Amino acid sequence: MKLTQLKIKGFRNFKDATINFSNKSLVIGSNDVGKTNLIYAIRILLDRELSDFDIEPKDSDFYAFEPTNEYSILIKFENIEEDCILAKIGHYVNDNGDLYLKYIATRNPETRSKTYLLYAGFSEENLEEIQERYYRKVLNLKYIGCNRDLSSFIKRERKHLINDAKKNRDDEEKANDDGKLITIKRNLDLIDSDLNNLSFISTSTTKINEELDKLSIYHAGFNVCFDVGASDVNTFIDNAKLGLKYNENPLTIGGDGKNNQIFLALWTARNTIREENPFEVALYCIEEPEAHLHPHQQRKLAEYLSTTLKSQIIITTHSPQITSEFSPDSIIRLYEENSKTIAANEGCSEIIGNAIIDFGYRMSIIPAESFFANVVFLVEGPSEELFYKALAKVIDIDLDKHNISILMVDGVGFEIYTKILTALRIPWVIRTDNDIMRIPNKTVGRFAGIQRCLKIFQNYFEDSEMNEFIEKNKIHLSGFSIDDVPDENLIIAEEFIEKLREYNLFVAKKDLENDLINSELKEIYEEYLAEIPPEEIENTMKKRKATFMYKFLLTYSSNLSILENDNLASPLKRCHLIALSN
Amino acid sequence: MLKIEILSNKYQIKKIEPTDQQIAIIAEEKNCVVIACPGSGKTFVLSQKIRRILPELPEYKGIIAISYTNKASDELKKCLKDGLNKKGSFFGTMDSFYISEIIRPFGKQIFKKANFEIQVVKVKDLSKTDQKSFERVFQDYHTDKLNLQQKQFFESCFLKGQIILNSFERENVLGNVDTVGIIANYIFDNSYACRRYLKAKYSHIMIDEYQDSGQEQHNLFIKLKNLGIISIAVGDARQSIFAFAGKNPKFLLSLPKEGSFIVYPLDINHRSHPSIVTYSLKLLKEEIDLPVFDEIRVFEKCVTGRESDIGVWLNDAIPYYCSKFNVEKYNEVAILTKSNRTGSFINENLDLDHKFFINTNLDTNTSLWALVFTKLLEYLFDANKTKFYVIKDFLDTDKNENKTRKIFGFIDILKEQINDIEHNFDLIVNSFILVSSEIFPQGKNTKAIDNLKEVLSSKELLNSYKPAQFNEIQIMTIHKSKGLEFDIVFHLDLYEWILPRREKDENGDYIFDDQDLNLHFVGVTRAKNCCVLCWSTRRTNYLDEIKQGNKSEFLSIKRLSLLRMVSEI
């Protein structure tokens, strides 16, 4: 069984959204974009904890930005093969194993009275009304929200854990246990009498009994006393508290982080037991599992959830650590556009997956962070990253406020990132060097940087005028002498660079270091360079760019404000613009 | 030994120890066919079997328990009602199973979506044009191989929201077309979703009264078995009273040949001596493994001469056997024949006190109304019979109190009227009709009414509905003996050409009538203490010609010869 698609219309943030799911799906998006509402939509149809009353529509459930008097939630399941589901709701499953469930809420515009109806069927066109969500016994969703009250959860779950374990004993174990229980009972009785023999205990109860005596004749023969809570061995055991020990020494159960981990471990343990039993098929939904956890722990948790639970899971998160543990084709990014929330590319898609396969290795955390941004500024390497972060500060572009991420592609290439970011509908801006490369086996070169950008342009943009221009002039971008580039080519190159800016593709004059030298910062830069022995300059600049840049910025970052109107700042300003317009 | 408790009535718990046979059936885990005799505790066995299966199933699974009528399935459910969790089970008739579990849910996946709510519609309630198309399209059909027109007919009905039910009380050529069964089989064959659903939901299927199964039900049963659902068919080949409806014990009898069914007889016919029970079952099925008894109570006798000579012989044979087996009253002795003709020969030649029950046309009429008429006549002339006797086989009196009261009212009137048949003739016939109409409103059968009139008009025929006196030996046809039992039975008419009857077809081959095996079986099982199988060297045929009398093929079956002895007298 797999929940493959969800369609929400007119419900809370969602005017009309389609979201596709994979086996382990991750839902990301800024606060208030509607992640919890998306989960709630699924819960309406599948969560056993929501009663019929709970799912009655409220005025606040109707999409507010347009007059709406109806909302609907449609879930599609595929590959239903499990006996328990087929037996219960098989009338609505077709040969392919497809099943649709739908919830429609309506409101009468005059009377404002609201009601809902439920449907099931094997296709969107063949839905039939059903009276109840009776299938939840065999097909449901288990939900953990953000507020995880560990102590009450433990109280409930402890009983279940104990009972499950009791059931799984064999006869020998049971016999042994029964014997031990008798011993425990005897011991408890002893403790009881000892307790009541403590002088202060017996005195206090004597006092109480005397007073009661005065009140009621029926009290004769009865005695109030303290007990260990042990009158019944089973109650005693049931009340045993879950404690934490370190090398036999008791500790109070940990802080929030540990509590979170214990909570999730308990919860998962219970559910993996159930996974083995074919009487029920559940999908799991966890909101922000990373709460209170240190980054390594977050990754560990993500790995745990993803591998231990065999069933389908849906997780909402704000954590790049967790995101980096998931396959990128499982990322669902929700974003807002014109007051409605939609899922980029309708959710999980192969496009993203294929893009990462090009990576050749698992995604690391840094790119993962960029998935949470509203705009991503792609730069060549660490020195650019350092530079632009410093520049942003001084020219008053608050990167965090506007959710702008600066990401260096560092040898991996821009295309992989542009693919993923485009699939996630995250706008990007590129700044690349204007490098000239030698054509192999020849003495001539080409404008590699510009060509790089042109390739990206052609993959992502359609503009007939620009295409014409490219066709006409691309010849001039290569086949010229490297040592002495003819003016003709330089001029064409400059034209290209100018035009590419429109598409958020920024080509440096040469490269960052050279551009800095040739900018208004020239004097300061030279001042800095003067402090470095000449032989070292070239060395350092070429081989330890980042360290070089770092040291420079340490001292001179406040001077960067001069560059506000320089071309160097253009890509950053473009990011700012894009961020503002969304 | 397995002890099982049942509630026999609300206020009494009786401990019943099931017999070895019953235990074997209850414990059987694979596909099986249970051939049950009347009085063998069939419903008890079925309900115990269900009780054994249900607790082991997960909550979402269940069994399919099919009974022939709603009344019977309610009885089965009642047996289970004490809090037993039925889980996902289905209790009902085959028609209701077809409709609710196959046609309604999966019809719309096979046919296009109906724009109307699906309703079950009887053929006779269709428009005249639709009825005519139905008759035209289904003149000739092969189950499981529907032609295009037939498929289109069903599809167009479905789109109009109609599932056609052909009730079997229609008396025309197409009364036998089980439309609901045909569509259900078609949908089952073509919908993977349907098959997968049934397999996921149901672990077992039990069909009762399998001897009355038609082709379509049988086909579906085998298909469900092939899906892996454990299949149990329960039936009694000898009880097929619905032959006119195109139902045929042949399907029951074909199950053992399928190979994957284990055959269980359920036959504690407490009435009969074991050697007689063994003989009767071996007659039907050679593979049945049954103990052989030292004392054999089945005898054979060949009388030299004709039927009348048998009558003469009987004058000595009857006292001999009566003293041999301590039978004191002559009405415990029966002489069973196939035809009236033989019966009348015996009637003329037997000197001992006897009563000849002439087989009337009403006796051989197997329609529903004829059955009711017969029961009424028996009631009217036997002070020991009650009004319940008349209707208990047809109607659940608990569920139909009003109807029952109404019927009893008619019967009371009839009881008055019958005192003067001559003057009340038409009123009497009308009363009979009123009772039958209440029980089987759709079953009006003019032939039965004619047969009834025939009986009412003849003192001799009427006489055959009156019970014998204690000193009267009873002479009757096997047909008429159904449901009765006697200490000693003389089974006559065991000649070639007679029992089993045979005819030559156009190729010159012999064709036999299947029902004759059943008839012989019924004859044998009427005997409690002793059964004597008789024939003579000459016989009289239907043209009153004297022919050579050769012993019946039934008596030449090898495996049976060891189970009987030659009569000493």
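**Entry 1: Arg564(B)**

I started with Arg564(B), which is buried at a relative accessible area of 7% (buried means under 20% relative accessible area, exposed over 50%, partly exposed in between, with a 1.4 Å probe and protein chains only). This is a predicted model, where local features need pLDDT of at least 70 and side-chain atom pairs count only at pLDDT 80 or more, while totals for chains, interfaces and linings use all residues. My bookkeeping: residues are numbered from 1 along each chain as its sequence is written, chains are lettered from A and ligands numbered from 1 in the order in which they are written, and side-chain values use heavy atoms, with hydrogens and water left out.

I found Arg564(B) in the loop between helix H23 (558-561) and strand S21 (565-566) of chain B. Helices (H or I, at least four residues) and strands (E, at least two) are DSSP runs, numbered from the N terminus.

What does the side chain of Arg564(B) reach? One polar contact, of 2.5 Å, joins it to the side chain of Glu300(B). The backbone oxygen of Leu555(B) is reached at 2.6 Å. A polar contact here is a pair of N or O atoms within 3.5 Å; within protein, one must be able to donate a hydrogen and the other to accept it, and residues adjacent in sequence count only if both atoms are side-chain atoms.

I also listed the contacts of Arg564(B), leaving aside neighbours within four places in sequence: among them are Tyr279(B), Ile296(B), Phe299(B) and Leu533(B). Contact means heavy atoms within 4.5 Å.

**Entry 2: Leu283(B)**

Next I looked up Leu283(B), in helix H11 (residues 274-284) of chain B. Leu283(B) counts as buried, at 2% relative accessibility. Leu560(B) is 277 residues away in sequence, yet 7.1 Å away in space, C-alpha to C-alpha. Not counting residues up to four places away, Leu283(B) touches several residues, including Leu517(B), Phe521(B), Ile557(B) and Leu560(B).

For chain B overall, I noted 23 helices and 21 strands. Of its 569 residues, 55% count as buried.

**Entry 3: rings**

Rings of Phe, Tyr and Trp (its six-membered ring) pair if their centres lie within 6.5 Å; planes under 30 degrees apart count as stacked, over 60 as edge-to-face and the rest as tilted.

Why is the pair Phe457(A) and Phe461(A) stacked? The ring centres are 5.9 Å apart and the planes are at 15°, so Phe457(A) and Phe461(A) count as stacked. Phe457(A) is buried at 0% relative accessible area, whereas Phe461(A) is partly exposed at 25%.

In chain B, ring pairs link Phe299(B), Trp313(B), Tyr320(B), Tyr321(B), Phe325(B) and Phe490(B) into a cluster. Phe299(B) also turned up among the contacts of Arg564(B).

**Entry 4: helix H18 of chain A**

Which residues of helix H18 (residues 522-530) of chain A are buried? I found Ile524(A), Tyr525(A), Tyr528(A) and Leu529(A). They cover an arc of only 140° around the axis, so they lie on the same side of H18(A) (the arc is that of the directions from the helix axis to the C-beta atoms). The face turned away carries the exposed Glu523(A) and Ala530(A).

**Entry 5: where the chains meet**

Last, I checked the interface: 21 residues of chain A are in contact with 19 of chain B. Ala87(A), His91(A) and Asp95(A) supply 38% of the area that chain A buries against chain B, more than any other three residues. Buried area is the accessible area (1.4 Å probe) that two parts lose on being put together, summed over both.
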